[in-house]
Structure formats: C-alpha cells, structure tokens
There are 4 protein chains.
Amino acid sequence: MKRRVYKLLSVSKTTGDLSWYVDAFLVTLILLNVAAVILVSMEPIRVKFRMYFLLFEYFSIVVFTIEYLLRIWTANLNPRYQRPIIGNINYALTPLAIFDLLAVLPFFLPFFGMDLRLLRFLRVFRIFRLLKITRYLAALDLINRVIVKKKEEFVVSFILTGFLLIVASTFMYYVENNAQPDKFSSIPETMWWGVITLTSVGYGDVYPITPLGRLLGGIIAIIGIGLFALPAGIFAAGFSNEIAQVKQNSRTCPSCGQAIEKNSDQGSKPGIGRGTNYE
Amino acid sequence: MKRRVYKLLSVSKTTGDLSWYVDAFLVTLILLNVAAVILVSMEPIRVKFRMYFLLFEYFSIVVFTIEYLLRIWTANLNPRYQRPIIGNINYALTPLAIFDLLAVLPFFLPFFGMDLRLLRFLRVFRIFRLLKITRYLAALDLINRVIVKKKEEFVVSFILTGFLLIVASTFMYYVENNAQPDKFSSIPETMWWGVITLTSVGYGDVYPITPLGRLLGGIIAIIGIGLFALPAGIFAAGFSNEIAQVKQNSRTCPSCGQAIEKNSDQGSKPGIGRGTNYE
Amino acid sequence: MKRRVYKLLSVSKTTGDLSWYVDAFLVTLILLNVAAVILVSMEPIRVKFRMYFLLFEYFSIVVFTIEYLLRIWTANLNPRYQRPIIGNINYALTPLAIFDLLAVLPFFLPFFGMDLRLLRFLRVFRIFRLLKITRYLAALDLINRVIVKKKEEFVVSFILTGFLLIVASTFMYYVENNAQPDKFSSIPETMWWGVITLTSVGYGDVYPITPLGRLLGGIIAIIGIGLFALPAGIFAAGFSNEIAQVKQNSRTCPSCGQAIEKNSDQGSKPGIGRGTNYE
Amino acid sequence: MKRRVYKLLSVSKTTGDLSWYVDAFLVTLILLNVAAVILVSMEPIRVKFRMYFLLFEYFSIVVFTIEYLLRIWTANLNPRYQRPIIGNINYALTPLAIFDLLAVLPFFLPFFGMDLRLLRFLRVFRIFRLLKITRYLAALDLINRVIVKKKEEFVVSFILTGFLLIVASTFMYYVENNAQPDKFSSIPETMWWGVITLTSVGYGDVYPITPLGRLLGGIIAIIGIGLFALPAGIFAAGFSNEIAQVKQNSRTCPSCGQAIEKNSDQGSKPGIGRGTNYE
C-alpha cells in the first residue's frame, strides 16, 4: 500500500499509467493555481468571482496537503531517505518538500492564532504553488545541471560582479552624494544605481549629474557591462552544451565528420562534454 | 495554360525569363505598398496626395486579388497539394496564402455590410502586404531553417523565460503593490515591468521604489538577463551556422585544415552540420 | 621629385625615416584638430581662446590643403590609379580622398559666395579631419577586412533587422496611435520607438501604454533583441577571428594541439581562416 | 626575525599555519572595513553607532599602518626587490603597496596641517581598504591574466570604441545642439549621451528630439552597440578560456575525444591555449 502510494506520487516515466494520470492531475492543478494567483491579482476579476476562487482555494489546499503528507509518509521508500524517521525529516528539508509545505502552510496558520496583518503578507507564499512545478519541469533540471557543471565559473564571476558593484557604488556615492543627496543617499542606495547601470537596464530614475560622476559612470558602464555579462555568457554556453549532449547520438567528430571508433558515448562523459565548451 | 500561370507565379530561379519579370513586378508592387503604408501614416503627406494613394490602392487590390485567385486556382499543380479541391483548400490554409488573402480582404468587407468602425481597424491588415514579401526573401527562409534545427533549444529557453517572467512578476507584485498600487496593480500589469527589465530595455516608466523591491529587482535583473539572452544566443549561433554551411564548399576540416576524404558534402548533411554548432 | 613626395605622403613602414616623420606630423595635427573641435564646442574655452583656435585653424587649413593637392598630384604613381588624368580623378573619388577634401572645403566656400547661414552648418565638416585618421589607424583597416569577409552575414542580418523594424513599427503604430497620437504619430516616428527598443537602449521617451501595445511591445522586445544582436555577434566573431589570424604563427591544430604537416600558413589562407569561424 | 615577518605577511599556501591565520585576520579586517564604509554611509546607523565606528577606525588604522610598514621593511626579501633601499622604494611604488598606503594616509594628513574641507573629501580613500583585498582574491588575478593574454584585442577594441564615441558625439552635437542647447551643450557633454546610448543603458535623461538626430541616433545605436560589445565579448571568451585551462587535466582532443599522445600539458602552453579561443 505505502509502496503503491510512493510509486503513484513519483514522476512517471511511461505515458498513460495511473502514476502518469496522478502527475497530470497535479500539474494541471498547479497550473490552475498559477492562473488563479494571476487572475486574483486583477481587481475586477477578484471581486466578481470571489466565491469561485475561494472554493478552488479550499480544494487546492486539501489536495496539496494530502499530497504533502503522503510524500513525507512515503519518503523513506526512496533509497536516499531510507532510515525510518530521520529519513522522513531529511526529505522534509529538501527544497522540493519545503516548497510543498510553504504552498499550504499559510492556510493553517490562523488556527495557531497568527496576526491577521502578517497573514495578508503570507499570500506571497501562494507563489510556492508555482514552484511546485519544478518537480515536473525537465527544463529546470537542465538549468540545475548547467549550474553544477559550471560551478567554478559562476562562483568566480559572481565574486567579480559583487566586487565591482561594491567598488563602483562606493566611488559613485562619494562623487555624487553632494550633488544628489536624496538619490545617492548611502552606498546601499547607490548600489541600486549600480545594478541598474551594470545590467544596462538603465531605468533613468537615478543617474549621475556631476561631470566627475558622469566620467566615472561612463567608465563603469563600458568596463562593467562586460563583467556583468559574464554569468549570462557562461550560462548560455553551458545550456547550449547540455542540449547538444542530449541531442548528440552520432559518433562522428563534430569537426571533421569522421567516425570515432571505440569511444564510449560522449554524452555520458562529463569530462569530454566539458571539453567541447567552445565558448 | 494553367501550368503556365503556375510557372509564372512561382519564384523564378533564372534571371531574365518571363517568370522572373512577374516576380520583379510583384516584389516592386509589394515594396511600393509598404512605402505607401508608411507615407500614408504621415498626416501632411496623406492629406496632400490622398487621390494618388487611393488610385494606387485600387490598382494594388486588383493585382493582388488576381494574384491570389490564380495562386489558389493553380495550387494543385504543386505536388504537395495535388488532390483537386482538397489540395487547393489545403494551400489556401498555408501562412503564405493567408497573408495573400488578408492583404486584400479588408477592401471587400464593406460589400458584405461590415461596420465602419471595425473597418478603420482593418487598415492594420495592410501590413500583410509587407508580409507577402516573405515568399521572395531568402533571408526569412533562413530564419525558418534555423528555428526548425534549434527547435528543442527554443522550446526549452522559452519555457524558462516564461517561467522566470511569471515568478519574477508575481514576487514583485506582492512586494511593490502596496507602495505603487497604480503601477504594480496586478500580476499581468507587473509583467510589463518584468519584460522591460529582463530584456534590459528599461524604459523607466515602472520600477520598484521600496528597498525590498529594489533588492529583488536587482537580483532578478542580474540572473534574469542571462536567461532572457538565451533565445537570442541560440538564434545567433544557429544563424551563423546556417550561413557558414551555405558558404562552405571546401572539404577541409575546419579545425586542422586537412582534407577530409570520402565524405559527402557537409552542407547537405544536417546531422554533421548540427555537430559543428560550437556555440 | 614627384615620386619622392608620393613616398613621403604614403604610410611609412619603417620607424624613423623621413616619411615616418611626415606621418607623425600629420597624425599629430589631425589629433590636435580633433582636440580643437572638442574644445571649441565648450563655450567658455571658445570665448577665451578664440584667437589661438583661429590661428590653429588657418595653419591646419594650409597644411591639409597642401597635403590634399600633393596627394591628388602624386596619385597616379600608385599602380591602381596609373592613367594620367583619369587615375587622378579616380583617386579623388576614393573615400579617403573625399575625407581629405571635405576637411578643408568649408573654408574655401565663402570665396565662392556661399550663404553665411549654410556656412555655420558646414562646421560639421570639421569632423572629417577626424576621419582623415582612418588612413593611419590599422584598427579601422581590420574592421574593413571583417566586413568584407562577413559580407553575406551582414547583408542578411541587416535585411532582417530592417524588415523586423518596419513590421514592428507598423503594428505598433496601428495599436498605439489612438492612445498616444503625439508620440506614435506616424510609422517613421514609431520607428524611433522601434530602434530604441530593439537595441534595448530604452530611453523611456516613447513606450506603449495600452494593454495590447504592451503585449505587442513585450513580444517584439523578446524576439527582436535577438535579431538586432545579430550584426553585433557577427562582427564580434569576425573581429576575434581576424586578430587570432594575425597572432597565429604556430602550425598546430587548434583542437588537438598536434602539429599539422605540409600545410601552408593558415593565416594567409582566407578560406581556411573562414572555416575556423566557430561562432 | 625579518624573514619570519615576511613569511607571515605573504599569502599562505597551506591552510592552518600561522601565516594563514595572519591572512585570515587581515582579510576579515578588510571585509569588516568594507562593511563599515557601507554602514557609515547610512545616516541613521552613522549617528547611532558613531563611537563604535570611530574605535574600529582607530584600530584598523593601527593594524593597517603596522602592516604597511612591515611590508615595506621586509620588501627586499622578495627576490624581485632585492636591492637594499632601491628595492624597498620600488616595492612601495607597486599598485598593491600604493593601495596599502592610501588606505591609511588620510588619517595622518591632519598632523601635517591639511585643510579640513579637503580632508572630508579624503574619506573617499577609505575605498582603498576594499582594494587591499586584491592581494587575496584569486579571481582578480584571473582577470589580470585574461587582460595580459588578450592585450591586442583590448587595445584595438578600445581604440575603436573611443573613435566611434568621438565621431558619434561630434556628429550628434552638431545636429542636436540647436534644438537642445542645454543637453547637447558641448562635445564632451554629448559624450555622456554617447556612452549611455552605445552601452545600451539608455537612462533617458538625454536623447535626440530632431528627426535628423533620431535618424543619426538610430544608426549609431544599431552599429555602435556591436562595437561597444567587443571588449565584453573578448573578456568573456578569455575568461571562459582561462577557467577551462585551470579545469582541464585530461589529454583528450576536445573535438573528437581521442587521447593525444606525447603532448605536454595544454594549460602550460599559452600558444596552444590561445589557439583554442574559439570565440
């Protein structure tokens, strides 16, 4: 019985069996919840269909709560969380399980006597119903693999962007603070300017007006945009690579089209895969 | 006779024959229509040359209508639409044939008793006269081939951008709604902020003002711009590849310059071609 | 004598000979002219040093005029412009010679009775003194080579960007014209919005405000920025390639590091060079 | 004794020895100083904890001064600065030593009778306490190596961007000066527009309004953004390459996965390393 529930809840690999229908039902419910969150945010729709949204909310809470409890209960059938109670707790601390919990928790808090004002804030947590979909979205798994493979690159480039952001914002704060004390009022405030400039978004709500500030801002923009484009470039290269490996079945050298003999599948060898990162 | 018309209307491969002149005439007429649409949109020109534009409009409608009817009539000479009437209907449902129809349709609707206010809106359809040029523009065919070859990449990256857009906008809506209820009034409204920020356009009409909103906005900008640059990067790599294949006649390995023996033309082998996607 | 002048004026390949000093003198004079153009544009400096700028202007005009006349006179010593008078005229029509002419022409026009108001406009032509430096700037020659090698890519991508710009602006004009008749007043006017959005500059002076306009604008931004990044990407790849060829002397395969035997220098073989465009 | 101090101050390679603890202490102190600089910039925090910040400031000054003096004193134990006094002076002129000096100097200037107004400006120098961290941050060393390896590319691309910036700004100044004499008041002023447009930041504080200015601005945006993206692209490629070399231990051809025999380590051969710059 417990094993059967576990099988039903885990992501199905064959289309059309019962577990697949459970997946399809849960994915549909998640997507409908996302749609509901978006629709409820629109005043006229919220007012007009308040009743229906409430009923749907109760229904979702019930389903997601049952799902959550069953997942926790059956967790120790997963070899990774084998030990009776410690395994269940360990599973409950994985990101996916936390998303599942946060998706239903706000509903139950009033029973424990929570302040109503805080509760209004907790509707934010509905967004975790969207994040529940990560379990079923292979594309997000792909992102995960890219991040793992390119960990060093990401760490280095985030250190560099953080360093540049602090240096640029500190300099700019000292230069522009006198001229615009309201906009460059502190270094953390100036970092808003820094991020928006270095990502080249440039809303135009904050910008230097002194000649020195403009000179500094121009230099920062030219140099810094290159640094801030690093994580994006690393991610793009890794992503392109991951997909290429998924698609690649042929055993021909990508350069010269000649068959490569006695070489195990490229896709399964991360070392070689990494070697073809020609970006 | 029917076969002759078919040959005349299809895109000519040899410069200077009659079919080529028909192409040239139609392309010229399309380009003049585009010019007319642009010029008519300018108030002073529209007022001054109203008569000439009207005459040109009538002339274009006549030519494009005849062209459309002839194309439909001769469609079943194309092996793909061989069956007598079903073939013609199938052809009429291809994008190119629909563009041809929409390019002339608005003119004939008044005869069927359409509302005048709706008709004014239908002038939008004139833009389909511009889209008629796709038939003759090889560059657009190239885009098409890139999209087909990189289908998986595009699907995955659009799912990711869509997912990120929804998550980012939902979070931002909850965070900024209180401070700016007019600008972050609903999640769909906030998505406008999301798209403009994540594409790094940053008009500056909507931006977060609360500290938490700015922190969230900054993180979204840094991470998200990388994701939103994915489709662009995939397209650029595929485009560069397609053109390289068109240009490549030599049989040398692009890596080491050695001749590759007994290997059929690389350009004609999409599998290998895809293998050289070093991006 | 004529041959000697020709040698002196052409770009020297050996440091320290007389021709090199002529080059150095001319380059210095050009750079000083650029500095003068920039400084004169600043009101307080222009007023204070009017006399010095005028003297420097006369001196530059004299030198550049003599330089121009000598270049035209000696042009037919260049094998490409060998024929006595036709060669000289042909040389005078090359971009470099036209830059040389436009750099001095405005000064002489008053002698032919030009309107003073037009003359004030002609100060724009001083910028051609800056463009004279192209003769000596190897980096600009490199750009030229990249453009020649990647001609097809540039032509195709500029056709695509032009096509997208027209389609996007026409749609947006029809959608937003009613809501913002002053900003989206005509299709050419809307193209300003189009360029600033598709290049992701996003000044924020023009943006859609209707829901349909924002939906359309968002889609255009996501798709279009990829297309508009094409020329930049092509140029970057070609540029990187050109420099790599200049630097590359080794005869090893860039992929596997093994020496390539019996293969002439890669750098001198544009065909192979083009083959290594892995971008 | 002197040798021992030298060893303690130089960056430790083994975790856990005394020199490592000295490094850890100094890095912590630098990071706390950075935090202090950021926190002090926020009015309420500065007012409330003035005393603590002052005490921490005195403590930091003492430590950093002792550190600086010891580094200068022991500099000639470094083989590069071997000669008794000249070596010490040479070391004192390296960027790292100058950062160390500037990080403490402002504190001591009042003793030499400096104007108080200038002193307030000197708090900018506190930022050099952040720059002291470069000694310990391997990621910054990586940037350095990338810049050295790609020197030619950077020089050429910076010349091109500078050239384009001057030409674009000069043209724009002449075109827009009449219509917006306050915003395009001089060429240096117009360069602010140029940088912000060409980096695609686009704050929206300055933009052309005349039809000719918009046409010119649009062309500059399309062409120029490609050029301004060059340094970023070069840096990204070089960065990606450097990291790949650090990670790469395997001796397989990245193209075809076959082992490469009798070939010394790729990473240590800059020539080959450069050859794999497929960007």
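**A covered helix and its surroundings**

Modeller: Helix H11(A) is mostly covered, with 10 of its 12 residues buried. Buried means under 20% relative accessible area, while exposed is over 50% and partly exposed lies in between, using a 1.4 Å probe and protein chains only. Helices (H or I, at least four residues) and strands (E, at least two) are DSSP runs, numbered from the N terminus.

Before we go on, please keep in mind that this is a predicted model, where local features need pLDDT of at least 70 and side-chain atom pairs count only at pLDDT 80 or more, whereas totals for chains, interfaces and linings use all residues. Residues are numbered from 1 along each chain as its sequence is written, chains are lettered from A and ligands numbered from 1 in the order in which they are written, and side-chain values use heavy atoms, with hydrogens and water left out.

Back to our helix. H11(A) covers residues 187–198 of chain A, and from its first C-alpha to its last it reaches 16 Å, close to the 16 Å expected at 1.5 Å a residue. That expected span is 1.5 Å times one less than the number of residues. The buried residues are Ile187(A), Thr190(A), Met191(A), Trp192(A), Trp193(A), Gly194(A), Val195(A), Ile196(A), Thr197(A) and Leu198(A).

What covers them? Helix H10 (151–176) and helix H12 (211–247) of chain A are included, together with helix H12 (211–247) of chain B and helix H2 (18–40) of chain D. Contact here means heavy atoms within 4.5 Å.

H11(A) is followed by Ser200(A), which sits in the loop between H11 and H12 of chain A. Ser200(A) has a positive phi of about 60 degrees, although it is not a glycine. With 7% relative accessibility, Ser200(A) counts as buried. In chain B, Ser200(B) lies in the loop between helix H11 (187–198) and H12. Its phi is near 60 degrees, a positive value in a residue other than glycine, and Ser200(B) is buried, with a relative accessible area of 8%.

Stepping back to the whole chain, chain A has 13 helices and zero strands. Of its 279 residues, 51% are buried. Among contacts in chain A between residues at least 6 apart in sequence, 60% join residues at least 24 apart.

Now for the way helices meet. Two packed helices are described by the angle between their axes and the distance between the axes. Axes are lines fitted to C-alpha atoms, for helices over the stretch in contact, and angles run from 0 to 180 degrees between N-to-C directions. In chain C, helix H10 (residues 151–176) and helix H11 (residues 187–198) pack at about 120 degrees, with their axes 8 Å apart. That makes H10(C) oblique to H11(C); angles under 35 degrees count as roughly parallel, over 145 as roughly antiparallel, 65 to 115 as roughly perpendicular and the rest as oblique.

The crossing of H10(C) and H11(C) is right-handed. A crossing is left-handed if the near helix is turned anticlockwise from the far one by less than a right angle, and right-handed if clockwise. Residues making the contact include Leu164(C), Ala168(C) and Met172(C) of H10(C), and Thr190(C), Trp193(C) and Gly194(C) of H11(C). By class, this contact of H10(C) with H11(C) has 11 nonpolar, four polar and no charged residues. Ala, Val, Leu, Ile, Met, Phe, Trp, Tyr, Cys and Pro count as nonpolar, Asp, Glu, Lys and Arg as charged, and the others, Gly among them, as polar.

Also in helix H10 of chain C is Thr161(C), which at 5% relative accessibility counts as buried. Not counting residues up to four places away in sequence, Thr161(C) touches Leu227(C), Phe228(C) and Pro231(C).

The axes of helix H4 (residues 50–74) and helix H6 (residues 95–108) of chain B come within 9 Å and cross at roughly 135 degrees. H4(B) and H6(B) are therefore oblique to each other, and H4(B) passes H6(B) in a left-handed crossing. Among the residues that meet are Tyr58(B), Glu67(B) and Arg71(B) in H4(B), and Ala97(B), Asp100(B) and Phe108(B) in H6(B). The residues of this contact of H4(B) with H6(B) divide into 10 nonpolar, one polar and three charged.
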